[in-house]
Amino acid sequence: MKRFWWFLVLVVWFSTAGCKSEPVEKQGTGNKISPLQEHLLKMDGGFSIGHWHFPYSADAEQLARMNRQFVDVEFKVPLDGYDEDDLGFLRSMIQAGSEMNLLFWQQSSSESWFLRSDFETKQRSVEGLTDYESQLYRLLMINYGRYDSVGGNVAFLGLDPSEKKWLGANFYPADLTKEQFEGWVKAHPEDKEAFESPYTVIGVRHPNWLLQVIPYSERYQVGLESAAKSLRKAAAVFADSPSMASFLNQRADAFLTNDYKPSDEAWVKVEGSKFEVVIGPYEVYEDELMGYKAAFETYIGVVDPKLSASLEGVKAFLPGMEEALPLDKKYKGYERAKGSPISVVDLLYSSGDARKGVQAIAFNLPNDEDVREKVGSKKVLLRNVMQAKFNKGMLPISGVVLAEEQQPAVTWDAFFWHTLLHEILHGMGPGKINMAGGETTVSKELKELYSTIEECKADALGYWAVAYLVGKGFLPDDHLETMAMTSLPTLFRSVRFGLEEAHGGANMVIYNFLAERGVYTYDAGTGRFMVHLVLFIPAITELASQLLLIEATGDYAAAKAFVGEYGQVTEEVRSTVARLSHLPVDFRPIYTTADELVKRQ
Ligand code: ZN
């Protein structure tokens with residue numbers, strides 16, 4: 001692969017001769033530099049490290065700005081009161097998690113891992129990394145590659161300043177188009193299931209250039225076998241929650257058999273554990289070509305039993321809520337299990353997709369519709385991550401964007417409840433649907449737009465559900481006001497994650513839809529927004545019902561039109577986002593407790 005990359009660099013090099021890249025300080029490259037690299041460096045500047053030469057690298061000022069977007073936040077989780085078995089369990093889980101991390105490096109792009117290795121070789125050398133290289137390295141680690149995940153996936157190290165990340169990441173042959181993929185599946189219906197599976201990669205079988213499907217269990221065999229061993233080890237010391245041990249053993253099996261359904265089911269059924277763990281291939285955001293392929297990740301959290309129990313109170317309202325969804329009865333024939341466990345944890349460690357770029361504050365898994373229909377899904381909220389986001393993100397943003405008199409109504413409670421309900425409502429509404437061609441899923445029909453539509457739906461329904469719970473007397477009345485006011489800084493917080501990211505795009509849709517209905521008004525004089533409370537609920541209900549209808553009918557064309565109409569970045573949003581540029585977009589987690597735990601063994 002490296003040799004191929006070199007070749008590519010050279011080809012593009014000659015075709016872009018004269019395209020001047022930003023001058024950078026001359027980099028020390030150790031004794032690995034080849035005469036050719038030396039020559040290229042003299043010609044253009046560019047950047048070399050280890051086996052690599054990039055004609056373009058972002059200048060020091062750009063790198064500093066990009067690095068400032070992610071402040072370091074330390075996560076310390078007190079583990080007093082946990083016994084040696086507990087700590088041994090956590091160590092094995094972190095070990096398995098580090099395997100997921102390596103696998104995600106391989107998934108994110110073909111060269112990311114090798115590039116990272118060369119940075120680390122130089123870091124360990126006597127010479128060490130220069131300041132400039134350290135800046136690049138930090139960004140590389142945050143983004144799992146050389147593309148800015150909050151800046152449109154543009155390369156900060158690459159062929160030229162306009163180079164963007166390949167949409168298919170490393171799941172498909174580079175240069176395969178969506179049309180070619182769909183064309184193949186149409187011509188080879190027997191391949192459809194395997195090609196669209198979240199747990200396969202698509203390769204090319206030489207010499208005929210035929211597409212070939214490779215299960216994760218083969219493609220990532222070595223890493224998965226090692227992770228499976230660690231999971232079995234963790235399960236062996238974890239006797240106080242048999243359901244947790246059962247999940248871990250079944251997930252270890254899944255790594256080897258590529259059948260993830262049994263362990264996905266077992267995960268939803270885990271109960272009575274002091275810890276919450278998520279490990280394996282889950283989210284499909286990394287696959288921007290088709291939205292099919294799942295990325296490896298890990299979350300290890302410590303459960304807060306008191307809070308989790310009090311949230312169980314919400315469960316009594318869920319059947320009524322599902323019934324009341326703003327969607328015509330004739331579309332409500334879908335089946336979904338009613339079970340919906342919720343847990344609130346303090347995050348101890350994450351890896352892979354979960355650690356890339358913007359950090360998630362909560363998730364609702366598994367994504368497999370068959371499993372959801374059978375046993376439901378589970379919501380996990382990461383309390384310490386949410387608190388970091390609220391303090392470092394929400395409050396400072398609110399101070400810039402919201403009318404002063406409305407700022408006191410931006411509250412942690414409103415943020416917490418909307419996030420919780422966002423996750424719960426992911427599990428409501430259509431999942432499996434019937435269309436002319438037979439039974440299918442919303443995700444398959446809406447393809448690459450699914451993530452945006454589904455995030456948007458969960459957000460809109462999350463607000464709708466707060467109002468529902470206020471109506472039922474479960475939440476106090478003032479939640480209506482605090483929710484509406486808190487919604488605006490929430491939107492700006494997410495829009496800053498980058499519109500390429502599903503949550504960022506979804507928030508733009510919500511903003512435009514609500515602004516069109518007068519919920520948000522902008523005062524160009526003060527540069528601040530007002531939220532009009534009385535209009536909020538009717539508008540958000542209208543939005544939710546339109547999104548539910550798109551999902552219920554699996555209407556790709558309607559989804560495309562909707563995102564096209566409302567997904568545009570407007571001038572007031574662009575200029576407001578620009579005024580937030582001094583604030584960090586997100587943070588880079590430093591898992592102090594987990595690091596100490598591993599070192600102490
Ligand atoms: Zn979501």
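1. His422 counts as buried, at 8% relative accessibility, and His426 likewise counts as buried, at 9%. Buried here means under 20% relative accessible area, exposed means over 50%, and partly exposed lies in between, with a 1.4 Å probe and protein chains only. His422 and His426 are 4 residues apart in helix α17 (residues 412–426), so about one helical turn separates them. Helices (H or I, at least four residues) and strands (E, at least two) are DSSP runs, numbered from the N terminus.

2. The model is predicted: local features need pLDDT of at least 70, side-chain atom pairs count only at pLDDT 80 or more, and totals for chains, interfaces and linings use all residues. Residues are numbered from 1 along each chain as its sequence is written, and side-chain values use heavy atoms, with hydrogens and water left out.

3. The zinc ion is coordinated by His422 (NE2), His426 (NE2) and Glu455 (OE), at 2.1 to 2.2 Å. The spacing of these donor residues in sequence is H-x3-H-x28-E. Donors are N, O and S atoms within 2.8 Å of the metal (3.2 Å for Na, K and Ca); water is not among the atoms, so sites may look incomplete.

4. For the chain as a whole, there are 25 helices and 19 strands. Of its 601 residues, 58% are buried. Among contacts (heavy atoms within 4.5 Å) with a separation of 6 or more, 74% are between residues 24 or more positions apart.

5. The largest nonpolar core has 156 residues, of which Phe89, Phe247, Leu248 and Met321 touch the most other members. Helix α19 (residues 450–471) gives the most to this core, with 12 residues. Apart from it lies another core, of 22 residues, among them Leu63, Leu139, Leu140 and Ala295. A nonpolar core is a set of buried Ala, Val, Leu, Ile, Met, Phe, Trp, Tyr and Cys residues joined through side-chain atoms within 4.5 Å. Leaving out residues up to four places away in sequence, Phe247 touches Ser263, Ala266, Trp267, Val270, Val277, Ile279 and Tyr282.

6. An open sheet of 5 strands has the order β10-β11-β12-β14-β13, with mixed pairing. Its edge strands, β10 (275–281) and β13 (362–365), each pair on one side only. Two strands pair if DSSP finds at least two bridges between them. Strands β12 (residues 342–352) and β14 (residues 378–382) are parallel, over 4 bridges, and Val344 has Leu381 in β14 as its bridge partner. Helix α16 (residues 383–401) lies across β12 and β14 and runs at about 80 degrees to β12. Axes are lines fitted to C-alpha atoms, for helices over the stretch in contact, and angles run from 0 to 180 degrees between N-to-C directions.

7. Helices α4 (residues 84–108) and α5 (residues 112–124) cross at roughly 115 degrees, their axes coming within 7 Å. Asn101, Leu102, Trp105 and Ser108 in α4 meet Ser112, Trp113 and Arg116 in α5.

8. Some backbone details are worth checking. The peptide bond from Leu365 to Pro366 is cis, with omega near -5 degrees; Pro366 lies in the loop between β13 and α15 (369–375). Asn153, not a glycine, has a positive phi of about 55 degrees and sits in the loop between β5 (147–148) and β6 (154–155). Asp175, also not a glycine, has a positive phi of about 95 degrees, in the loop between β7 (157–158) and α7 (178–187). Asn153 is buried, with a relative accessible area of 10%, whereas Asp175 is exposed, at 62%.
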